[in-house]
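Please read it alongside the sequence and the model.

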Amino acid sequence: QVQLVESGGGLVQPGGSLRLSCGVSGLTFSNFGMRWYRQAPDKERALVATISRGGDTRTYADSVQGRFTISRDNTKNTVYLQMNSLKPEDTAVYYCNARRITFPTGDYWGQGTQVTVSS
């Protein structure tokens, strides 16, 4: 059974930092590209950051470029999202996603963790 479990969310003041973690089990972690998405109230789920299987390629949404850093530890089956200089508009539920587009394909999601940026 595949499980993705996010942690590290919470309430933080504008300008603060949080580090999200997503622990993965039930699949070969190093075979999957990993992504972080977020969904704010009354908005569609949006892609925040991606990291390749080996961690050598990373991409970011324009809105978080230079503030967020995605990383992974394939020895711990964990992906991280370091979020700095947080803004109120970063408030959302953050989801991690494991995706493999070559056979055998797979697309798995965590349950989400709430991040609230407010003074």
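A residue counts as buried under 20% relative accessible area, as exposed over 50%, and as partly exposed in between. T59 has a relative accessible area of 38%, so this residue is partly exposed. The model is predicted, and the values below are computed from it.

**T59 and its surroundings**
- T59 belongs to strand β6, which covers residues 58-60.
- Apart from residues up to four places away in sequence, T59 touches V48, A49 and T50.
- With T50 there is also a polar contact, side chain to side chain, at 2.4 Å.

**N97 and its surroundings**
- N97 sits in strand β9, residues 92-100.
- N97 counts as buried because its relative accessibility is 0%.
- The N97 side chain reaches the backbone oxygen of Y108 at 3.0 Å.
- Residues up to four places away in sequence aside, N97 touches L4, G33, M34, R35, Y37, D107, Y108 and W109.

**The largest pocket**
- The largest pocket holds about 240 Å³ of space.
- Its lining consists of 14 residues, and those nearest the pocket centre are G33, R53, R99, R100 and I101.
- Two or more lining residues come from each of the elements β4 (33-39), β5 (46-51) and β9.
- Strand β4 gives the largest share of the lining, 3 residues.
- By class, the lining has 7 polar, 4 charged and 3 nonpolar residues.
- G33, one of the residues nearest the pocket centre, is also touched by N97.

**The largest nonpolar core**
- The largest nonpolar core is made up of 27 residues.
- Within this core, the residues with the most contacts are W36, V79, L81, M83 and Y94.
- At least two core residues are supplied by each of β3 (18-25), β4, β5, β7 (68-73), β8 (78-83), β9 and β11 (113-117).
- Leaving out neighbours within four places in sequence, M83 is in contact with G16, S17, L18, L20, R67, F68, Y94 and V115.
- Y94, one of the contacts of M83, is likewise among the core residues with the most contacts.

Definitions and conventions: Residues are numbered from 1 along each chain as its sequence is written. This is a predicted model: local features need pLDDT of at least 70, side-chain atom pairs count only at pLDDT 80 or more; totals for chains, interfaces and linings use all residues. Side-chain values use heavy atoms; hydrogens and water are left out. Helices (H or I, at least four residues) and strands (E, at least two) are DSSP runs, numbered from the N terminus. Buried means under 20% relative accessible area, exposed over 50%, partly exposed in between (1.4 Å probe, protein chains only). A polar contact is a pair of N or O atoms within 3.5 Å; within protein, one must be able to donate a hydrogen and the other to accept it, and residues adjacent in sequence count only if both atoms are side-chain atoms. Contact means heavy atoms within 4.5 Å. On a 1 Å grid over the protein atoms alone, a cavity is a set of points where a 1.4 Å probe fits but cannot get out, and a pocket is an open set with protein on both sides within 12 Å along at least five of seven lines; lining residues have an atom within 4 Å of a point. Grid points are joined across faces, edges and corners, and a volume is the space filled by probe spheres set on the points. Ala, Val, Leu, Ile, Met, Phe, Trp, Tyr, Cys and Pro count as nonpolar, Asp, Glu, Lys and Arg as charged, and the others, Gly among them, as polar. A nonpolar core is a set of buried Ala, Val, Leu, Ile, Met, Phe, Trp, Tyr and Cys residues joined through side-chain atoms within 4.5 Å.
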